[in-house]
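Subject: Structure handover

Hello,

Here is the structure I promised to pass on. Please open it before reading the rest.

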Amino acid sequence: MIELLQTSPPLMAVCTGVFGLLVGSFLNVVIHRLPKMMEAEWHQQCAELRGEAVVAVPTYNLVVPRSACPACGHRIGALENIPIMSWLVLRGRCRGCGVGISVRYPLVEGLCGLLSGSLAFHLGPGWALAGALLFTWALLAAAFIDLDTTLLPDDITLPLLWLGLLLNLRATFVPLEDAVIGAAAGYLTLWSVYWLFKLATGKDGMGFGDFKLLAAIGAFLGWKMLPAVILLSSVVGAVVGIGLIVLARHGRGKPIPFGPYLAAAGLLALVWGEHINQRWLSLF
């Protein structure tokens, strides 16, 4: 079976895409639960600092308790948890109470499956594919969490940074030297923008999680990809932000998460980074 997958890129892409659908289902759990786990930890730390007794709470992590409908508590069975298909069969509603299930669940699953299959077809089997899949899955989770909460968890960005450096010990994507410089330059670039904006306006222009996410992208793709990533994310972010304000769907004072645009730009650079850099440099 392994030999067949290695000699048949289309079959490799299909199998990886199906596996990506399953990973997308798990990412939905991460996107929903990780911010709640972080909030519970913050409350516990605050209680300890105030000298209050720590109250025992039910176990809540990425595995326990089982997934259930937030409206009626209906436990989601295995047949109700098949990526995309279950949502379609249930017509986007809970079997227990009929409350609507967000279309974002099949969207995340489908996007994860599509990106995973595309990477398998583009890269073929090997360490590069394994690293690219982990990179993609982490960026998807971080992007959707940032959309919901304007937070980029250290539990995602920091392990992703170290993973990029470890993979590039053998130059999986770029030489280690480029990866180390990319991590440092990615962090310091947005850190500098943050402080320049703060000194000029007295306001916070972005969160520290954005620094760490760009550092992780730099650790994977190297410093040469950072200009393209910053340019792509800034242009798309500006266009979307202005569009939301013009359409009166987003207040001027309401923060716009930058993480999703960094994640999208990082994925584009992963696949088409060399071509983008060549076109960019050709302008000069």
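Below are my notes, from the whole chain down to single residues.

Keep in mind that this is a predicted model.

**The whole chain**

The chain has 10 helices and zero strands. The C-alpha atoms fill a box of roughly 60 × 60 × 45 Å along the principal axes. The radius of gyration is 21 Å. A compact globule of 284 residues would have one near 19 Å, so the chain agrees with that expectation. Buried residues make up 38% of the 284. Of the contacts with a separation of 6 or more, 70% join residues 24 or more positions apart.

**Two helix pairs**

Two packed helices are described by the angle between their axes and the distance between the axes.

Start with α7 (residues 176-201) and α8 (residues 208-221). Their axes are 7 Å apart, at an angle of about 155°. Angles over 145 degrees count as roughly antiparallel, and α7 and α8 are therefore roughly antiparallel to each other. Their crossing is right-handed. On the α7 side, the residues that meet α8 include Gly 182, Gly 186, Tyr 187, Trp 191 and Tyr 194. On the α8 side, Phe 208, Phe 211, Leu 214 and Gly 218 are among them. The residues of this contact divide into 11 nonpolar, three polar and three charged.

Now take α2 (residues 9-49) and α4 (residues 104-123). The axes of α2 and α4 come within 6 Å and cross at roughly 145°. This crossing is right-handed too. By class, the contact of α2 with α4 has 13 nonpolar, 10 polar and two charged residues.

**Leu 21**

Leu 21 sits in helix α2. Is Leu 21 exposed, partly exposed or buried? Its relative accessible area is 23%, so Leu 21 is partly exposed. Beyond residues up to four places away in sequence, Leu 21 touches Pro 83, Ile 84, Glu 109, Gly 110 and Gly 113. Leu 134 is 113 residues from Leu 21 along the chain, and their C-alpha atoms are separated by 14 Å.

**The loop between α6 and α7**

Two residues to look at here are Asn 168 and Ala 171. Asn 168 is in the loop between α6 (154-167) and α7. At 0% relative accessibility, Asn 168 counts as buried. What does Asn 168 contact, leaving aside its neighbours within four places in sequence? The list is Phe 173, Val 174, Pro 175, Leu 176, Ala 179, Ala 219 and Phe 220.

Ala 171 lies in the loop between α6 and α7. At 42% relative accessibility, Ala 171 counts as partly exposed.

**Backbone points to check**

Most residues other than glycine have a negative phi, and most peptide bonds are trans. Here are some departures.

- Ala 171 has a positive phi of about 55°, although it is not a glycine.
- Arg 91 has a positive phi near 60°, and is also not a glycine. Arg 91 is in the loop between α3 and α4. Its relative accessibility is 74%, so Arg 91 counts as exposed.
- The peptide bond from Val 64 to Pro 65 is cis, with omega near -5°. Pro 65 is in the loop between α2 and α3 (85-89).

Best wishes

Terms used: Residues are numbered from 1 along each chain as its sequence is written. This is a predicted model: local features need pLDDT of at least 70, side-chain atom pairs count only at pLDDT 80 or more; totals for chains, interfaces and linings use all residues. Side-chain values use heavy atoms; hydrogens and water are left out. Axes are lines fitted to C-alpha atoms, for helices over the stretch in contact, and angles run from 0 to 180 degrees between N-to-C directions. Helices (H or I, at least four residues) and strands (E, at least two) are DSSP runs, numbered from the N terminus. Angles under 35 degrees count as roughly parallel, over 145 as roughly antiparallel, 65 to 115 as roughly perpendicular and the rest as oblique. A crossing is left-handed if the near helix is turned anticlockwise from the far one by less than a right angle, and right-handed if clockwise. Contact means heavy atoms within 4.5 Å. Ala, Val, Leu, Ile, Met, Phe, Trp, Tyr, Cys and Pro count as nonpolar, Asp, Glu, Lys and Arg as charged, and the others, Gly among them, as polar. The radius of gyration is taken over C-alpha atoms; the globule rule is 2.2 Å times the number of residues to the power 0.38. Buried means under 20% relative accessible area, exposed over 50%, partly exposed in between (1.4 Å probe, protein chains only).
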